[in-house]
Amino acid sequence: MSTTPIVLESHKLLLFTIEKVGSTVLRQLMRRMMGYADYDFHGGGIPHVFPKNGLRYLHQYTLEEAQHMMVSDEWVRAMFVRDPKERALSGFLMWRPPPVEEARLRSAARGELTDAGAGKKGKPGMLAQCCKTIANNDVNFEVLCLHHVSTFDGFLDMVEDPKTINLTALAEDYRLLSGREKKDTAVRLKFLLRNSPSCPDKHWSPITQWRMERKFYPRLNFIGHLETAQWDIRRLLDKLHPRAWEEYGLSGWGSNRNESMFTSASTVLHAKGTENYLNDFYNEEIERRVEKIYADDYENEFLELDVVKVGEASRHYKERFVEKYLQGKDGHSL
């Protein structure tokens, strides 16, 4: 996973983008501020893939230059974050494999398949690739795994780090199952996957575990939230230059380039609609699991993330923004 931030020398900005946290539109903003006329183009690796996107990254500088940018008070080091429960579901909805057909599933359970087939998105896809790795050339297990991770609970079995699990207790739970229960494919897969290495990916892995060395998190001097991105992006641009909001954020966004940044779902393509599905995938047990999986992020004080109930993140962070930045002040319009 790439960990190097985008560098905008003209405004002394290091931007640490996070997948599933408006990263597409944030990279488009960086392209706009660098002068690209087609800043909002999305396709063929743009705006995500270096060097196609034309952006500058910290790894292109000397060690001395990079160290200066990471510690100097003259530079803004910014990151946008998102409620982990919504980010986890967003990553799952984007990359989950399709369920396996019933007949094929029965064949896999009997060990009769010779071809695992293709997973969704990519060759063979992120979750599918993890199933392939764990299966170790056992195509029947691979197909059973693909079906298992097509559910949100199965996805969590795959991405949960076994280091955070009491494996002794897990083994005891399995020992106490009846013989019939142990023959159940879903039950066996759950125990096997939770004992296997996690499936890391920038679309769902906890930020604290991959984005940068932990010693650098205190150097962040701007945190925005996807839940309040339409206000936080103005706060960031105002911090960079008095006219930056008017030049780059106030207009020029949306499908017709007539909106402000982050004012509609059309400017946050990968985040669109996830909040509408929260109640379809979460219950109290799954909510507790996700809180445990993302404990590092919740406990990282520099990310400014709070543990809130599913579906309440938008209201929570908007209220916190008003209290922190607007109460008793004039300025940003709500």
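Among contacts in this protein between residues at least 6 apart in sequence, 71% join residues at least 24 apart; contact means heavy atoms within 4.5 Å. The model is predicted, so local features need pLDDT of at least 70 and side-chain atom pairs count only at pLDDT 80 or more, while totals for chains, interfaces and linings use all residues. Residues are numbered from 1 along each chain as its sequence is written, and side-chain values use heavy atoms, with hydrogens and water left out.

**Overall make-up**

- The secondary structure comes to 16 helices and 4 strands. Helices (H or I, at least four residues) and strands (E, at least two) are DSSP runs, numbered from the N terminus.
- Buried residues make up 50% of the 334 residues in the protein. Buried means under 20% relative accessible area, exposed means over 50%, and partly exposed lies in between, with a 1.4 Å probe and protein chains only.

**Aromatic pairs**

- The structure holds 13 aromatic pairs. Rings of Phe, Tyr and Trp (its six-membered ring) pair if their centres lie within 6.5 Å; planes under 30 degrees apart count as stacked, over 60 as edge-to-face and the rest as tilted.
- The pair of tyrosine 39 and tryptophan 253 is edge-to-face, because the planes of the two rings stand at 65°, with the centres 5.4 Å apart.
- This pair links distant parts of the chain, 214 residues apart. Tyrosine 39 is in the loop between helix H1 (23-33) and helix H2 (63-71), and tryptophan 253 is in the loop between helix H12 (244-249) and helix H13 (278-281).
- Tyrosine 39 is buried, at a relative accessible area of 6%, and tryptophan 253 is buried too, at 2%.
- Phenylalanine 92 and phenylalanine 152 form a tilted pair, with 5.3 Å from centre to centre and 50° between the planes.
- Phenylalanine 92 belongs to helix H3 (residues 84-95) and phenylalanine 152 to helix H7 (residues 152-159), so their pair ties together parts that are 60 residues apart in sequence. Both phenylalanine 92 and phenylalanine 152 are buried.
- Ring pairs also link Phe92 and Phe152 into a cluster with Phe155, Trp204, Phe281 and Tyr282.

**Arginines over rings**

- Arginine 31 lies over the face of tyrosine 36, at 4.6 Å from the ring centre. A charge sits over a ring if NZ of Lys or CZ of Arg is within 6 Å of the ring centre and within 35 degrees of the ring normal.
- Arginine 56 lies over the face of tyrosine 61, at 4.9 Å from the ring centre.

**Arginine 82**

- Arginine 82 is in the loop between strand S3 (76-81) and H3.
- Arginine 82 is buried yet has no salt bridge. A salt bridge is a side-chain nitrogen of Lys or Arg within 4 Å of a carboxyl oxygen of Asp or Glu.
- The nearest side chain of opposite charge to arginine 82 is glutamate 86, 4.1 Å away. Lys and Arg count as positive and Asp and Glu as negative; His and the chain ends are not counted.
- The side chain of arginine 82 reaches the backbone oxygen of lysine 20 at 2.7 Å, and a polar contact of 3.5 Å joins the side chains of arginine 82 and serine 90.
- A polar contact is a pair of N or O atoms within 3.5 Å; within protein, one must be able to donate a hydrogen and the other to accept it, and residues adjacent in sequence count only if both atoms are side-chain atoms.

**Arginine 27**

- Arginine 27 has its place in helix H1 and counts as buried, at 7% relative accessibility.
- From C-alpha to C-alpha, arginine 27 and proline 47 are 6.0 Å apart in space, and they are 20 residues apart in sequence.
- Leaving aside its neighbours within four places in sequence, arginine 27 has contacts that include Ile6, Glu19, Pro47 and Tyr57.

**Backbone exceptions**

- Most residues other than glycine have a negative phi, and most peptide bonds are trans.
- Isoleucine 46 and proline 47 are joined by a cis peptide bond, with omega about 10°. Proline 47 lies in the loop between H1 and H2.
- The peptide bond from phenylalanine 50 to proline 51 is cis, with omega near 5°. Proline 51 lies in the loop between H1 and H2.
- Asparagine 137 has a positive phi, near 75°. Asparagine 137 is found in the loop between helix H5 (126-135) and helix H6 (139-148) and counts as exposed, at 74% relative accessibility.
- Glutamate 304 has a positive phi, near 55°. Glutamate 304 lies in the loop between helix H15 (295-299) and helix H16 (313-326) and counts as partly exposed, at 27% relative accessibility.
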